[in-house]
Amino acid sequence: MPSDPPTRPDPAARPAVWLLEDSATEAQATQAALAATCDVTVFSDGAMLVESLGFKPLPDVLVLDRETPGLTGLEVCGFVRSTPATARLPVLLLTSHQRPEDVVEGLGAGANEYVFKPFRPQELVARVLGLAHWSWQQRQRDAQVTVELGSTRQQLSDEQARRTLAESTLAEVRAAELRAWNSEQRFRLAARATQDAIWEWNPQTDTLEWSSGGQDLLGPLDSPHVPRQDWWRGHIHPDDLDAVQRGFLEALGGGGDVWRSSYRFRDVHGAWRDVEEHALIVRDGDARVVQVVGALRDVTARKQWETQTRQRADFERQLIGIVSHDLRTPLASVLLSVSLLERTSLDEAQEKRVRRIRASAERAARMIRDLLNFTEVRHGRLALHLQDTDFHVLVDAAIEEAAPPGRAILRSRSGDGVGRWDMDRLSQVAGNLLANALAYGDPAAPIQVRTHGEQGDVVLEVHNGGAPIPPDLLPRLFEPLERGAPHQGNRSERSIGLGLFIVRQVVHAHGGTVSVTSLPEAGTTFTVRLPKQPPAAPPVPPPG
């Protein structure tokens, strides 16, 4: 692209003139006329001049002979006007054609001036200089407009930047206000939802500001701002006031960020209620208290429920004591009498009656034992008495004690079974699982009992054939008072539904796990896995 000719602020500057003239004589005459005031470059060919426009600095004025061989001056003028880079170049046509229509054609092609040959040198110079000065003024105005436009654009850009910044700041302010409003709204709704009375303590004025919530406790307030000490003296029970005051001041001075207290509170009706108070303490960088926000909660109903629960628990313990002493003692006498009868000579009918008495007495004893264990679990008192024992031998003894005559039990063992457990509790686990298999398994299929010792665990598996456990029952099978499918046998063999629950509690107390799989083709298998060394502090069994 050609570069624009520089503006000429100096009035004495010489304009650059490009002359198109094919006649050497006329070119020399024209150049001589302009040489005193202009820098003249002569072109004899119009095509060469057009080509130079593309890579040389543009002249101030073009002086074109109208009629030249090849590309004429008139055609060069048309080209200059049609090209954006040269469209505003001043053009003066030299011609010997003086007809009006020739002049009109030249001006129509874009010429600024028209000089007839032969010309007067003074006229030619005057017209060329006039065009040059006009061109300079146009460029100066263009440059000034460009500067002013650039300045205006910069001002608009700066204004847009300031406006954008202001809009962004306003948006941030509005967003912050919305967040604050939402936060305050959530706070109000949370206070209403929890029914807690929310307060804030001002360290400078020692006043409490109560917010929404806790209307049943506080009632309508004349003012949400109240002096703390006067308020406490009027609402905290005299027997609790000193402890509350002391605990609050110790929390403020101790460097912590939480204060908790419970006491009796006088409500709006003058009645005493049990309340709990929980506060968060906010401190500055120097650990000085700057804000304390707390919540006052009415726990009267919960306290009453806890009292009733303790009373029920005391009653249950008393009842268990009665069951333990007043029922187990006569059952022991019945079983002793049955043992004595079994040593005498009895006919077949008498032996049948004695066996029925023994079975009923043993079932009653198991029910009492399950109830005792259930109560211990509910009150978190499932104590373990650990001692070294062989798990294989323990399970063998449980099988011998629980296996009825006529039922096939396949026994297998492997690995080292020595560990440390509560023998009586684990005997009960093995006995309950075996009783469950005998009660719900196929009477024609043998019960399989397998024990296996591993590196740090022992595993007990009790398998029985028969109908599988219903899938909807599996998730709650180890819950209290749950039973499997109806018994195949006599109703007298039914339990109270605590056997598997006690199995799980005893296994968990030893730090172990119990699981069950039950499929139509494979049958039902209960699997117990126990560590050989139970944890020092047995996990608390889940409540029933």
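Q: What is the strand order in the open sheet of five strands with mixed pairing?
A: The order is S13-S15-S16-S18-S17 in this predicted model. Strands here are DSSP runs of E of at least two residues, helices are runs of H or I of at least four, and both are numbered from the N terminus. Residue numbers start from 1 along each chain as its sequence is written. Local features need pLDDT of at least 70 and side-chain atom pairs 80 or more, while totals for chains, interfaces and linings use all residues, and side-chain values use heavy atoms, without hydrogens and water.

Q: Why are strand S13 and strand S17 said to stand at the edges?
A: Strand S13 (409-414) and strand S17 (513-519) each have a single partner strand, so one side of each has no neighbour in the sheet. On average, neighbouring strands of this sheet are turned by 10° against each other, direction ignored.

Q: How do you know that S13 and strand S15 pair?
A: Pairing requires at least two bridges found by DSSP between two strands. Six bridges join S13 to S15 (residues 447-453), and the two run parallel; therefore S13 and S15 count as paired. Among the partners, Ser 414 is bridged to His 452 in S15.

Q: Which strands does helix H12 lie across, and at what angle does it run to S16?
A: Helix H12 (residues 423-440) lies across S13, S15, strand S16 (457-464) and strand S18 (523-531). Its angle to S16 is about 20°, on a scale from 0 to 180 degrees between N-to-C directions, with axes fitted to C-alpha atoms, for helices over the stretch in contact.

Q: Why is Asn 464 called buried?
A: Buried means under 20% relative accessible area, exposed means over 50%, and partly exposed lies in between (1.4 Å probe, protein chains only). Asn 464 has 4% relative accessibility, so Asn 464 counts as buried.

Q: What is Asn 464 in contact with, leaving aside its neighbours within four places in sequence?
A: Asn 464, found in strand S16, is in contact (heavy atoms within 4.5 Å) with Ala 437, Tyr 440, Gly 441, Ile 447, Gly 523 and Thr 524.

Q: What is the strand order in the open sheet with parallel pairing, and why do S2 and S5 stand at its edges?
A: This open sheet of five strands has the order S2-S1-S3-S4-S5. Strand S2 (39-43) and strand S5 (113-116) each have a single partner strand, so one side of each is left without a neighbour in the sheet. Neighbouring strands are turned by 20° against each other on average, direction ignored.

Q: What makes strand S3 and strand S4 a pair?
A: Four bridges connect S3 (residues 61-65) and S4 (residues 91-95) in the parallel sense, and Val 63 stands opposite Leu 92 in S4.
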